[in-house]
Amino acid sequence: MKKDRRKVILVTDGDEYALKTIEYIASEFGGRCISKTQGNPTTLSGPEIVKLILQTPNDPVFVMFDDSGFIGEGAGELALKYVATDKRIEVLGIIAVASKTHQDEWARVDVSIDRFGNLTHFGVDKSGVEEFDIGRINGDTVYCLDELEVPIIVGIGDIGKMARKDHVQNGSPITKKAVELILERSGYYDK
């Protein structure tokens with residue numbers, strides 16, 4: 001059973017910039033982005049998303065989740081938890097995206113990548129600027145991440161943005177680096 005599990009990377013952002021970036025990055029790594037998971041907030045349920053993942057032809061599969069600033073566990077987080085705990089899914093890692101929330105929700109991250117592409121043990125803000133907290137990131141769809149057992153959680157600023165440093169026209173280098181780190185640390189290439 002373990003061998004047949006789908007290899008998935010979860011992304012805690014679902015706006016149009018995230019969609020364009022994740023579609024581009026998925027193609028760069030020979031994987032697939034489930035574009036239907038784009039939304040601000042997430043509109044598909046966990047079971048609907050798992051069904052789409054299982055139908056996708058290539059790994060790694062990239063899936064987006066967004067709470068649209070909802071405090072506590074919103075639709076995005078409920079769907080994310082469902083997908084992450086489904087026995088047919090192997091979560092390779094999570095890209096935890098920083099945002100400006102009304103009430104700060106935060107999660108632990110294993111590493112962050114700032115908007116210049118530097119790895120840091122500090123968190124980063126929405127603009128990809130290093131913050132003062134070590135190993136944590138503020139965001140609106142990160143509330144449940146600490147409950148999940150995944151190989152690595154990488155914190156980054158707002159996907160596809162970060163003062164245009166992560167724009168698709170520039171090759172989305174920050175998001176790309178986060179994916180490279182996840183694939184490397186999860187042992188994806190060893191399988």
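These are my notebook entries on a predicted model, taken one part at a time.

**Entry 1: the sheet**

I began with the strands. I found an open sheet of seven strands, in the order S2-S3-S1-S4-S11-S6-S7, and its pairing is mixed. Which strands stand at the edges? They are S2 (32-33) and S7 (119-120); each has a single partner strand, so one side of each is left without a neighbour in the sheet.

A reminder to myself: strands of a sheet pair through backbone hydrogen bonds, either parallel or antiparallel.

**Entry 2: S1, S2 and S3**

Next I looked up who pairs with S3. S1 and S3 run parallel and are joined by four bridges. I noted Val 11 here, whose bridge partner in S3 is Met 64. S2 also pairs with S3 in the parallel sense, over two bridges, and Cys 33 stands opposite Phe 62 in S3. To get from S2 to S3 the chain goes through helix H2 (residues 46-55), and I wrote down that this β-α-β crossover is right-handed.

Is S3 covered on one face or both? Both: Val 61 and Val 63 are buried on one side, and Phe 62 and Met 64 are buried on the other.

**Entry 3: S4, S11 and helix H4**

I moved along to S4 (residues 89-97) and S11 (residues 153-156). They run parallel, with four bridges between them. Ile 94 has Ile 153 in S11 as its bridge partner. H4 packs on the sheet, and I listed its contacts as S1 (6-11), S3 (61-64), S4, S6 (111-113), S7 and S11. The direction of H4 makes about 145° with that of S4.

Then I checked H4 itself. It covers residues 173-185, which is 13 residues, and reaches 18 Å from its first C-alpha to its last, close to the 18 Å expected. Which of its residues are buried? My list reads Ile 174, Thr 175, Ala 178, Val 179, Leu 181, Ile 182 and Leu 183. Just after H4 I spotted Gly 187, with a positive phi of about 80°.

**Entry 4: helix H1**

H1 (residues 16-28) has 13 residues too. Its reach from first C-alpha to last is 19 Å, close to the expected 18 Å. Its buried residues are Ala 18, Leu 19, Thr 21, Ile 22, Ile 25 and Ala 26. What do they pack against? I found S1, S2, S3 and H4.

**Entry 5: a hairpin**

S8 (residues 122-124) and S9 (residues 130-134) run antiparallel, joined by two bridges. Phe 122 has Ile 134 in S9 as its bridge partner. Five residues sit between the strands of this hairpin, and Gly 128 takes a positive phi near 80° there.

**Entry 6: Leu 148**

I picked out Leu 148, in the loop between S10 (136-138) and S11. Buried or exposed? It is buried, at a relative accessible area of 13%; the cut-off for buried is under 20%. Leaving out residues up to four places away in sequence, Leu 148 touches Leu 80, Lys 81, Ala 84, Thr 85 and Ile 94. Thr 85 is 63 residues from Leu 148 along the chain, but their C-alpha atoms are separated by 7.9 Å.

**Entry 7: two rings**

Last, I looked for aromatic pairs, and the count came to one. Why is the pair called edge-to-face? The ring centres of Tyr 188 and Tyr 189 are 5.5 Å apart and their planes stand at 75°, and planes over 60 degrees apart count as edge-to-face. I also noted that Tyr 189 is exposed, with a relative accessible area of 54%.

Notes:
Residues are numbered from 1 along each chain as its sequence is written. This is a predicted model: local features need pLDDT of at least 70, side-chain atom pairs count only at pLDDT 80 or more; totals for chains, interfaces and linings use all residues. Side-chain values use heavy atoms; hydrogens and water are left out. The expected span of a helix is 1.5 Å times one less than its number of residues. Buried means under 20% relative accessible area, exposed over 50%, partly exposed in between (1.4 Å probe, protein chains only). Two strands pair if DSSP finds at least two bridges between them. Contact means heavy atoms within 4.5 Å. Axes are lines fitted to C-alpha atoms, for helices over the stretch in contact, and angles run from 0 to 180 degrees between N-to-C directions. A crossover is right-handed if, with the strands pointing away from the viewer, the path from the first strand over the helix to the second runs clockwise. Rings of Phe, Tyr and Trp (its six-membered ring) pair if their centres lie within 6.5 Å; planes under 30 degrees apart count as stacked, over 60 as edge-to-face and the rest as tilted.
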